[in-house]
Amino acid sequence: MQIRCALVGMPGSGKSTIGRQLAHRAGVPFIDLDHRLEQTIGTTIRSFFEAEGEARFRDLESQALADVAGQAGGMVLSTGGGAVLRPENRETLRQFGNVLYLRASPEEIYRRVKHDRTRPLLQGGNPMDKLRDLYAQRDGLYRETAHYVIETGRPTVHTLVNMIMMQLEMAAGAQGEQVPHGASDAPTSAGTPHADRS
């Protein structure tokens with residue numbers, strides 16, 4: 001089975017860490033979209049945000065995502081937390097391969113990233129309030145984009161990678177069964193459909 005999947009979720013939800021281990025386990029390349037963007041712009045995302053603004057960054061992010069999605073073959077793609085904000089990005093991801101939403105509560109994320117100064121949207125003011133606001137804005141978009149939701153609260157990275165591999169193997173075994181684009185049809189890691197997202 002050749003894995004081709006993308007990870008979406010809040011900043012600090014574990015996309016890079018889990019993505020790297022998942023790619024290693026599956027024997028496919030790992031691509032971190034934020035790192036690729038930093039190579040392209042020649043500076044940190046935080047510095048670019050401050051100098052050029054978020055809208056310009058989102059333009060470059062959409063282009064980078066389209067470029068990666070156009071590459072053939074297996075891979076694990078870790079996206080930035082805001083990659084789902086644009087409808088065209090959500091559609092690109094859905095067409096790319098299996099999309100996994102690594103879901104964590106704002107409180108869990110805050111515990112992980114409270115000392116991280118590299119995240120531009122979490123600087124200044126009250127980071128906990130910002131995380132709650134971001135979660136309120138984005139949770140529905142992550143769910144709309146994802147084929148599967150993986151709860152990342154308590155399990156270890158190793159356990160989460162095992163869970164994801166099982167989920168992807170089950171998806172591959174269902175050959176021919178396409179996951180509908182309707183957001184309410186995406187199963188969670190427990191295999192049950194999402195609640196109504198309206």
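Modeller: A salt bridge is a side-chain nitrogen of Lys or Arg within 4 Å of a carboxyl oxygen of Asp or Glu. This is a predicted model, where local features need pLDDT of at least 70 and side-chain atom pairs count only at pLDDT 80 or more, while totals for chains, interfaces and linings use all residues. Residues are numbered from 1 along each chain as its sequence is written, and side-chain values use heavy atoms, with hydrogens and water left out.

Colleague: How many salt bridges does a search of the whole structure find?

Modeller: Side chains of opposite charge can pair when their charged atoms come close. The search of the whole structure gives nine salt bridges. One of them joins Arg 58 and Glu 54, at 3.0 Å from N to O. Both residues lie in helix 4, four residues apart, about one turn of the helix; helices here are DSSP runs of H or I, at least four residues, numbered from the N terminus.

Colleague: Is Arg 58 buried or exposed?

Modeller: Buried means under 20% relative accessible area, exposed over 50%, and partly exposed in between, with a 1.4 Å probe and protein chains only. Arg 58 has a relative accessible area of 7%, so Arg 58 is buried. Glu 54, at 31%, is partly exposed.

Colleague: Which parts does the salt bridge of Glu 107 with Arg 132 tie together?

Modeller: In that salt bridge the closest N and O atoms are 3.2 Å apart. Glu 107 is in helix 6 (residues 106-113) and Arg 132 in helix 7 (residues 127-145), so the pair ties together parts that are 25 residues apart in sequence. Glu 107 is partly exposed at 33% relative accessibility, and Arg 132 is partly exposed at 40%.

Technical notes: Helices (H or I, at least four residues) and strands (E, at least two) are DSSP runs, numbered from the N terminus.
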